[in-house]
Amino acid sequence: MFSKRIFQKYGKWLGVLTPVIMLIGIWIYSSGSGEARGRRGEVLYAEHCASCHGNSGEGLRKLIPPVRASDYVKENPEKLACIIKYGTRGPMTVNGQRYSGAMEGISRLEADEIRDIINYMRITWNGEKEAYSLKDVRSQLDACL
Ligand code: HEC
């Protein structure tokens with residue numbers, strides 16, 4: 001039979017193809033959850049940060065610095081987790097403007113939530129491509145002064 005011959009000829013490929021198809025499935029699944037994390041970052045930002053830094057990260061006059069197109073965010077990637085968790089105190093210069101206020105830390109945010117907020121800010125608003133992993137954020141938090 002034609003189909004049996006086909007099977008005999010190509011049957012062994014099934015052993016190869018099955019894991020490949022499974023891997024593609026896992027890849028599609030995990031890239032989907034990357035998107036879900038991006039949305040979670042957006043929601044968390046809206047909840048915890050937008051009241052000060054603005055809905056689109058634009059900041060507020062000379063009181064609150066922007067987190068969108070912010071040279072500070074771009075140049076201090078290793079400080080972001082600590083700022084979110086433990087706060088920061090001026091003076092600091094962001095995009096040439098001096099700010100001398102203070103930001104309270106939001107200590108109830110967990111490392112995975114901080115990761116999603118940082119990735120949302122960096123990727124959506126600051127042209128970065130690399131996402132932080134949970135491990136990156138945990139080791140930053142361990143090193144906060
Ligand atoms: C109550 C107001 C307030 C809230 C809420 C707040 N911030 Fe801030 N944030 C500030 C102020 C004020 C500064 C600047 C402090 C200074 O003058 O030194 C700042 C500084 C920063 C900076 C460094 C400077 C810059 O703009 O690049 C980052 C990054 C930042 N905040 C991110 C966040 C994120 C993310 C959240 C939410 C998880 C958040 N902030 C919530 C007020 C706030």
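**The iron site**

Modeller: The iron atom of the ligand has 6 donor atoms around it, and because the angles they subtend run from 87 to 179 degrees, the arrangement is octahedral (opposite donors over 155 degrees apart, all others between 65 and 115; donors are N, O and S atoms within 2.8 Å of the metal, or 3.2 Å for Na, K and Ca). This is a predicted model, in which local features need pLDDT of at least 70 and side-chain atom pairs 80 or more, while totals for chains, interfaces and linings use all residues. Residues are numbered from 1 along each chain, and side-chain values use heavy atoms, without hydrogens or water.

From the protein, NE2 of H53 and SD of M103 coordinate the iron, at 2.0 to 2.1 Å. H53 sits in helix 2 (residues 50-53) and M103 in strand 4 (residues 102-104), so the pair links parts 50 residues apart in sequence (DSSP runs of at least four residues for helices and two for strands). H53 is buried, at 13% relative accessible area, whereas M103, at 27%, is partly exposed (buried is under 20%, exposed over 50%, partly exposed in between, with a 1.4 Å probe and protein chains only).

Now for the wider surroundings. The ligand has 27 residues around it, and C49, C52, H53, P66 and M103 come nearest (heavy atoms within 4 Å count).

Terms used:
Tetrahedral: all angles 85-135°; square planar, octahedral: opposite > 155°, others 65-115°.
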